[in-house]
Amino acid sequence: MAGQYSLRPNSSSTSPSSSHILASRLLFLLTLLPLTLACFAFLLQWRGGLNDPVTRWSPDQHQFPGMSTTAPSIPSHSSRSDCVDLLGRSHSPAFSYYRDWKFDYGTDLKPKICITTSTSAGLEQTLPWIFFHKVIGVSNFFLFVEGKAASPNVSKVLESIPGVSVIYRTKELEEQQARSRIWNETWLSSFFYKPCNHELFVKQSLNMEMAIVMARNAGMDWIIHLDTDELMHPVGTREYSLRQLLADVPANVDMVIFPNHESSVERDDVKEPFSEVSMFKKNYDHLPKDIYFGNYKDALRGNPNYFLTYGNGKSAARIQDHLRPNGAHRWHNYMKNPNEIKLEEAAVLHYTYTKFTDLTSRRDRCGCKPTKDDVKRCFMLDFDRAAFIIASTATEEEMLAWYRERVVWTDKALTLKLLRKGILTRIYAPMIIIQGLRNSGIFSSVISSAVHHKSAKDQVLSSVKISNSSRPIESGVISSRKVGIINRGDFQATARRVLEILDDHSDLSATPPLSPPSLDDDLPSPTHEY
């Protein structure tokens, strides 16, 4: 009995052992479950079933929300322009909501913004420029074209884009502009009858004057003058929107000044600047003064000035009575001193000398002699003068060596130093937007669609003439007429800081392209901020 009793299991001794086994199994399951889920997620991502949102929207991926992995199919054509191949789509992810490439904005979107330009560029530059600005809120474009831009293959495509008005430099246009009141006034007279850049400056001003009339007729609220190597950069708004930026400007402001950042290329073989250049040198107005002057000599790299070209930005003007241009960089008013503000964040991105061929193309547009005295008559800025002389006198190998030394940022240590100091900065938004437009097939689509478009070469200019003849003209002057300015109320630009309030307009002469301040310049008095 005693031996039989000793063989029975003791319940009190096995209970702790069972609990231990159960706890061990539970712990094992809890450990195995997250490992299994992690392996499952890894397999999905490895096979392309899941996108990491961090890497998906990084600058290297060039994707925004709403981009898909396929682009809409476009009918093939037996004969296509070279621009279709250059601007055509690829198999990279595309913006699915860009498939309606017309961007035909409704009349309810306010404010209405237009851009005017004088250009001779081809489609490889003008199409990305136009559609980028459409994306950020510009509805109308007034393009004064000549050279390549006025050729039938290019101009027909430009005319087919909704919201784009193409004005050709014809004898009729020159006769109409010859009657402008500008020729009888002094504010632009110092630029008259001079070659090259001065001639272009006068031509731009005359075109801007005509664009004001066209903008009023189209019901625009704001007008901006840009070159086709410049992009607006409306940072400071939640949606990266120029329309939102100008909608928040107080109603008593007549003009908004956008300081410009200048492109800083890192290669000498750039072909498409808008898609390949991401580094920019920041404007003096957007830097602490001790940072700017403390790194001024490093930023020069042997060049005459901090920027290669101009540093006084561009501006947007509210359409109103008596508005006039004040050179390519500013606007003015015949009856009052405009109330101007300068924003702390928003800028113009200037893609200047981004291609090696820019040296020879600028040289070929000017017939001046490559001497120090003669280039002063032709060019307003020091670097343009030096570049013209090099392009006119040096061999191609010498030109390339000069371009690499003065323009291309090949010193990685210096580049990293100035990036850390804030002199240089990386800006990816335009690159990503334009790459998305290209991948979606918009550029090739608009080129293909233009085949059946009927040219309206004479309609734009005649519409300006009709609008002029509908009201009194004194001495051939295009007079102003009233338009209803939208009552925006007392908007406060709370999302953006106003860098400067400008109220000194005693100098009525046209504002030329100006270099940024140098170490020898007298600094302006402290500016007002709020």
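Strand S8 (residues 255–258) is covered on both faces: Met-255 and Ile-257 on one side, and Val-256 and Phe-258 on the other, are all buried. Buried here means under 20% relative accessible area, with exposed being over 50% and partly exposed in between (1.4 Å probe, protein chains only). Strands (E, at least two residues) and helices (H or I, at least four) are DSSP runs, numbered from the N terminus. In a regular strand the side chains alternate between the two faces of the sheet.

Before going further, a word on what you are looking at. This is a predicted model, in which local features need pLDDT of at least 70 and side-chain atom pairs count only at pLDDT 80 or more, while totals for chains, interfaces and linings use all residues. Residues are numbered from 1 along each chain as its sequence is written, and side-chain values use heavy atoms, with hydrogens and water left out.

Now look at the partners of S8; two strands pair if DSSP finds at least two bridges between them. With strand S11 (residues 314–318), S8 pairs in the antiparallel sense over four bridges, and Val-256 has Ala-316 as its bridge partner there. With strand S14 (residues 340–343), the pairing is parallel and runs over three bridges; in S14, Glu-340 is the bridge partner of Met-255.

A nonpolar core is a set of buried Ala, Val, Leu, Ile, Met, Phe, Trp, Tyr and Cys residues joined through side-chain atoms within 4.5 Å. The largest such core has 69 residues, and Leu-242 and Phe-258 touch the most other members. Helix H5 (residues 123–135) gives the most to this core, with six residues. A second, separate core holds 18 residues, including Phe-144, Ala-211, Ile-212 and Trp-331. In soluble globular proteins, nonpolar side chains tend to be buried together.

Next, follow the cysteines. The structure holds two disulfides, each a pair of cysteine sulfur atoms within 2.5 Å. One of them joins Cys-196 to Cys-366, with an S to S distance of 1.7 Å. This link is right-handed, with 80° about the S-S bond. Cys-196 sits in the loop between helix H7 (171–178) and helix H8 (197–217), and Cys-366 in the loop between helix H13 (358–364) and helix H14 (372–378), so the pair ties together parts that are 170 residues apart in sequence. Both Cys-196 and Cys-366 are buried.

The other disulfide is formed by Cys-368 and Cys-378, whose sulfur atoms are 1.4 Å apart. The link of Cys-368 and Cys-378 is left-handed, with -90° about the S-S bond. Cys-368 lies in the loop between H13 and H14 and Cys-378 in helix H14, so this pair connects parts that are ten residues apart in sequence. Cys-368 is buried, with a relative accessible area of 10%, and Cys-378 is buried at 0%. Numbered in sequence order, the bonded cysteines pair 1-2, 3-4.

Finally, step back to the whole protein. There are 20 helices and 17 strands, and buried residues make up 48% of the 530 residues. Among contacts between residues at least 6 apart in sequence, 79% join residues at least 24 apart.

Key. Contact = heavy atoms within 4.5 Å.
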